Each structure stands twice: as structure tokens, then as C-alpha cells.
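Keep your viewer open and your selection tool ready. We will go from stop to stop, picking a selection each time and saying what is there.

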Amino acid sequence: MGSYLFRARRARPLTQVVLPLNAMKVEPVVLEGEFVRLEPMRVDHLPALVEVGMDESIWKWTNNIVNDASDIERYVREALAMQMLGTSVPFVTIEKETGTVVGSTRFGNIDTANKKAEIGWTWINPKWQRTVINTEAKLLMLTHAFETWNCIRVELKTDANNDRSRNAMLRIGCTEEGTLRNHMITESGRFRDSVYFSIIQTEWESVKQNLTSKLAAK
């Protein structure tokens with residue numbers, strides 16, 4: 001029988017790993033604009049999130065049931081657990097003028113190999129809905145995704161019944177891709193259909209101009 005020589009290579013220490021050119025560096029980061037600061041979510045944000053997150057209308061079309069502070073705590077701890085896995089970067093959304101936490105959003109389903117991420121899990125207290133808050137937050141996150149991470153695709157999705165969210169995504173400049181039927185089972189036990197939207201790299205400049213124009217008109 002023939003023989004061959006197998007030579008084991010010594011594993012390179014993690015501290016010496018060199019990231020490929022233009023690799024997605026997934027880590028907590030502050031994203032700040034004129035009206036909004038997106039700050040990495042921390043456990044000590046809980047009291048502020050509870051204060052603005054107990055309006056039941058916020059959670060109507062989400063997967064979550066939120067009845068009390070313990071539900072918000074569970075929500076935060078699950079988000080931070082996904083961050084530890086490297087697939088999520090959760091934020092608290094802060095109105096800069098007052099320094100008030102008004103909601104939360106995040107990058108999720110981050111796929112570094114395929115250079116894509118999802119923007120979602122977004123909720124804002126009704127007092128700050130239909131203001132510049134969400135528009136600038138989306139601009140900040142999309143800019144980070146396409147210009148820092150060099151993503152080739154950003155996904156967004158929503159409950160098929162959530163007309164307000166669907167229309168908002170179209171106004172941003174997203175392309176509706178289709179509906180996944182029985183996509184999720186919500187915490188209430190409801191079977192949810194999800195509508196997927198996306199922005200790809202070649203569309204980013206047009207979307208950026210659209211969002212910038214909307215902010216300037218506020």
C-alpha cells in the first residue's frame with residue numbers, strides 16, 4: 001500500500017487572525033445623527049425601555065407578548081444573547097435633543113460570509129412615531145451596513161397584516177420580494193405570514209438620497 005505524510009499545522013492563536021479585506025466587523029457601535037443616537041443595548045437600559053415599552057399597541061404585530069417589566073427584560077436578555085453569538089447588534093433608540101430612550105432596533109440574522117444583514121425588531125413609543133426618529137435611524141443603520149460593512153444586501157420583514165410597516169418600507173425605497181406563509185409562530189400561538197423586503201448594494205445610493213431628502217423636508 002502506498003503511504004502519505006500528513007503534517008498537522010499549528011492552530012493560529014485567535015489574537016493573530018487577520019480579517020479578509022472588507023470583512024464585516026460585527027461589534028457594538030454607536031450610530032449618531034442629527035436627531036437620533038443609536039446606542040448599544042445594555043442591561044442597564046432596562047428601566048428606560050420599560051418606561052416607554054409598555055404601550056400594548058407597540059407589540060401588536062410583533063412575535064412578542066409584553067405585559068410587564070419581566071417581558072421587556074426577557075426581550076433584552078435574548079437580544080444580548082444573540083449579540084454574543086455574533087448574529088445580532090441590538091440598539092436602544094435615543095432622541096438626542098432630550099437624551100430620552102424612545103425604543104429599540106437592531107441588526108439581526110447577520111451573515112458575514114454572504115455580506116448581508118437584516119434590519120428589524122424596531123419599536124418606538126407612539127409619542128415619537130411618525131417623526132424624524134425612525135427615518136434617521138434607518139439612514140444610520142443602512143449607511144453602516146452598506147458603507148462600513150460593505151453589505152451586498154440588507155433585508156427587512158414584517159407581519160403581512162402590518163400595513164403601516166409595509167408602506168413604510170416601500171417609502172424608504174425597499175423592494176418587496178414576497179410573502180413567506182406560516183413563517184413564524186408568535187408567542188401568542190398565532191401562525192404569522194411574513195413579507196420580505198430588501199435593498200441591494202446597487203440601489204443604496206438612490207435609497208440614501210431618498211432618506212436624506214425626507215429628513216431635510218422635516
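**First stop: around helix α1**

Select the buried residues of α1 and show what covers them: the cover includes α2 (69-84), β3, β4 (100-111) and β5 (116-124). Buried means under 20% relative accessible area, with over 50% called exposed and the range in between partly exposed (1.4 Å probe, protein chains only). Contact here means heavy atoms within 4.5 Å. Helices (H or I, at least four residues) and strands (E, at least two) are DSSP runs, numbered from the N terminus.

Before moving on, note that this is a predicted model, in which local features need pLDDT of at least 70 and side-chain atom pairs count only at pLDDT 80 or more, while totals for chains, interfaces and linings use all residues. Residues are numbered from 1 along each chain as its sequence is written, and side-chain values use heavy atoms, leaving out hydrogens and water.

Which residues of helix α1 (residues 46-53) are buried? They are Leu46, Leu49, Val50, Val52 and Gly53. Now pick Ile72: leaving aside residues up to four places away in sequence, Ile72 touches Leu46, Leu49, Val50, Gly53, Met54, Trp59 and Val66.

**The nonpolar core**

Ile72 also takes you to the largest nonpolar core, which has 54 residues; Leu38, Ile72, Phe107, Leu142, Trp149 and Val154 touch the most other members. Such a core is a set of buried Ala, Val, Leu, Ile, Met, Phe, Trp, Tyr and Cys residues joined through side-chain atoms within 4.5 Å. Helix α3 (residues 132-148) gives the most to this core, nine residues in total.

**Along the sheet**

Next, colour the strands. Two strands pair if DSSP finds at least two bridges between them.

Start with strand β1 (residues 31-32): two bridges join β1 to β2, and the two run antiparallel. A hairpin of three residues links β1 to β2, and Glu32 stands opposite Arg37 in β2. In strand β2 (residues 36-40), four of the five residues are buried, so β2 is largely enclosed by the rest of the structure. On to strand β3 (residues 89-95), which pairs with β2 in the antiparallel sense over five bridges. Leu38 has Thr93 as its bridge partner in β3.

Then jump to strand β6 (residues 153-159), joined to strand β8 (residues 191-200) by seven bridges in an antiparallel run. Click Lys157, and its bridge partner in β8 is Tyr196.

**The cavity**

Select Thr93, Thr105, Thr122, Ile124, Ile133, Asn134, Ala137 and Lys138, which line the largest cavity. On a 1 Å grid over the protein atoms alone, a cavity is a set of points where a 1.4 Å probe fits but cannot get out, and lining residues have an atom within 4 Å of a point. The largest share of this lining, four residues, comes from α3.

**Last stop: Thr135**

Stay in helix α3 and pick Thr135. Is this residue buried or exposed? Thr135 is buried, with a relative accessible area of 15%. Beyond residues up to four places away in sequence, Thr135 touches Leu211, Lys214, Leu215 and Lys218.

Note on methods:
On a 1 Å grid over the protein atoms alone, a cavity is a set of points where a 1.4 Å probe fits but cannot get out, and a pocket is an open set with protein on both sides within 12 Å along at least five of seven lines; lining residues have an atom within 4 Å of a point.
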